[in-house]
Amino acid sequence: MIQSQPRPSGFGLPSDTGGRDLGIFMPMANGGWILSSNAPALDGSYDYNLKAAQLAEEIGLDFIMAMAKYRGYGGETKHWNASLDSPMMMAGLAQATSRVKVWATVHTILQNPAVTAKMIATLDQISHGRAGLNVVTGSYRGEFSQMGAWPEGVDHDERYVLATEWIRAIKALWTQDAVSMEGKYFTLEDCMSNPKPSTPPFLVCAGTSKVGIEFTANEMDALFLSGGDVEELAKASAGAKAGAAALGSKIRTYSMMTIVFGESDEAAEETAAHFRAGFDEGALHGMMRAYGFLDSEIGKENAFTKKARSTFMTPHVLGTPETVVERLSEIFEKTSLDGLMLIFPDYHASLPIFGEKVLPVLRERFPADAVATTHG
Ligand SMILES: Cc1cc2nc3c(=O)[nH]c(=O)nc-3n(C[C@H](O)[C@H](O)[C@H](O)COP(=O)(O)O)c2cc1C
């Protein structure tokens with residue numbers, strides 16, 4: 001159990017204005033979030049991401065976020081075998097945009113907190129106060145053992161103890177002249193980090209376990225829920241907020257949504273069926289290996305493979321822009337989610353449609369929240 005501790009000054013509790021944030025999950029690894037040889041072949045390149053980020057800003061979205069990924073799933077599509085560095089890419093995109101929040105991902109088991117503090121302070125300057133940090137503990141052993149960086153003997157829950165020390169060190173470095181601390185995992189000795197961020201960077205985490213949610217409630221501004229249907233999302237969001245309240249804290253909740261547009265709902269369903277016809281079995285096996293399934297389990301059907309066979313790695317909405325408006329409205333009406341991070345089969349083709357036909361109606365129904373005011 002990680003003990004709660006007061007947030008350092010400058011790290012207020014998130015506001016709760018009832019607004020909803022909409023952003024995109026940057027396709028910075030090849031293949032995006034669809035495991036299919038029939039899906040548009042997203043290359044994960046900087047140029048592709050640059051245009052997607054600029055479109056997101058142009059149509060009026062609130063944030064862009066990039067994951068951090070060090071090993072792909074392989075298969076016919078070599079899914080995620082090529083991925084850009086998250087903070088480096090977001091630094092470029094911060095320069096190329098002027099309004100969207102830019103959230104980069106860093107693994108607590110890989111980066112020294114003083115290095116990360118400086119990285120994100122740099123992102124703050126480049127973006128003029130739009131920087132955010134997605135904190136991930138590192139869940140997938142192969143990603144890190146391949147580089148000799150898997151902390152043997154530090155189990156899942158203990159990695160959140162490490163993460164707690166890590167983020168507290170960073171917050172101290174962002175707010176204090178010099179920091180000395182002797183932790184179990186990190187030692188700082190009269191450690192200095194300047195410049196300070198102009199605005200406290202927005203802190204998000206996607207821990208779904210009990211300790212992950214606890215860590216998020218104690219230390220972060222927002223929690224990414226991993227998905228489910230409307231009822232599951234409503235339950236997960238309410239549960240996370242109630243858990244945070246019990247700890248004397250408050251968090252925003254977000255989830256992911258893949259959107260497939262069609263000229264009719266049937267046409268969108270047909271597109272999804274086409275994706276399913278090209279399902280990448282090899283990439284599924286690679287993903288299962290990354291998630292810790294045993295070799296003896298791979299190739300057998302279970303709840304995980306059943307879900308994966310949709311080819312979509314997240315919950316999805318298939319249909320006309322009008323159908324998408326109604327489905328997203330239903331999510332916002334029936335859950336306490338504060339935002340959605342959107343995924344498209346082809347961002348360049350879909351973002352203009354989303355901007356023209358979906359966003360104006362959603363904005364009217366659910367006004368945008370100003371994340372920048374979150375830290376008050
Ligand atoms: C929106 C979202 C983004 C995530 N980004 C990353 C990432 O960039 N790198 C990573 O290793 N894990 C990522 N994860 C995995 C989470 O950090 C986390 O490990 C996982 O949801 C399991 O939760 P737990 O750590 O509490 O068990 C992400 C999960 C979600 C839902």
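Predicted model: local features only at pLDDT ≥ 70, side-chain atom pairs only at ≥ 80, totals over all residues.

Residues are numbered from 1 along each chain as its sequence is written.

**Exercise 1.** Determine whether Val358 is buried or exposed, and state which residues it touches.

Solution. 
- Step 1. Val358 is found in helix α12, residues 347-365; helices (H or I, at least four residues) and strands (E, at least two) are DSSP runs, numbered from the N terminus.
- Step 2. A residue is buried if 20 or more other C-beta atoms lie within 10 Å of its own, exposed if 12 or fewer, and partly exposed in between, with C-beta atoms placed from the backbone.
- Step 3. Val358 has 26 other C-beta atoms within 10 Å and is therefore buried.
- Step 4. Contact requires that the C-beta atoms of two residues, placed from the backbone, lie within 7 Å. Not counting residues up to four places away in sequence, Val358 touches Pro321, Val324 and Val325.

**Exercise 2.** Describe how the axes of α1 and α12 cross, and which residues meet.

Solution. 
- Step 1. Axes are lines fitted to C-alpha atoms, for helices over the stretch in contact, and angles run from 0 to 180 degrees between N-to-C directions.
- Step 2. The axes of α1 (residues 46-59) and α12 come within 9 Å and cross at roughly 5°.
- Step 3. Angles under 35 degrees count as roughly parallel, over 145 as roughly antiparallel, 65 to 115 as roughly perpendicular and the rest as oblique; α1 is therefore roughly parallel to α12.
- Step 4. In α1, Lys51, Ala52, Leu55, Ala56 and Ile59 meet Tyr347, His348, Leu351, Pro352, Phe354, Gly355 and Leu359 of α12.

**Exercise 3.** Classify Trp80 and Asp190 as buried or exposed, and give the phi value of each.

Solution. 
- Step 1. Trp80 lies in the loop between β2 (63-65) and α2 (86-96), and its phi is near 65°, a positive value in a residue other than glycine.
- Step 2. Because Trp80 has 26 C-beta neighbours inside 10 Å, it counts as buried.
- Step 3. Asp190 is placed in strand β6; its phi is near 45°, likewise a positive value in a residue other than glycine.
- Step 4. Asp190 has 8 other C-beta atoms within 10 Å, so it is exposed.
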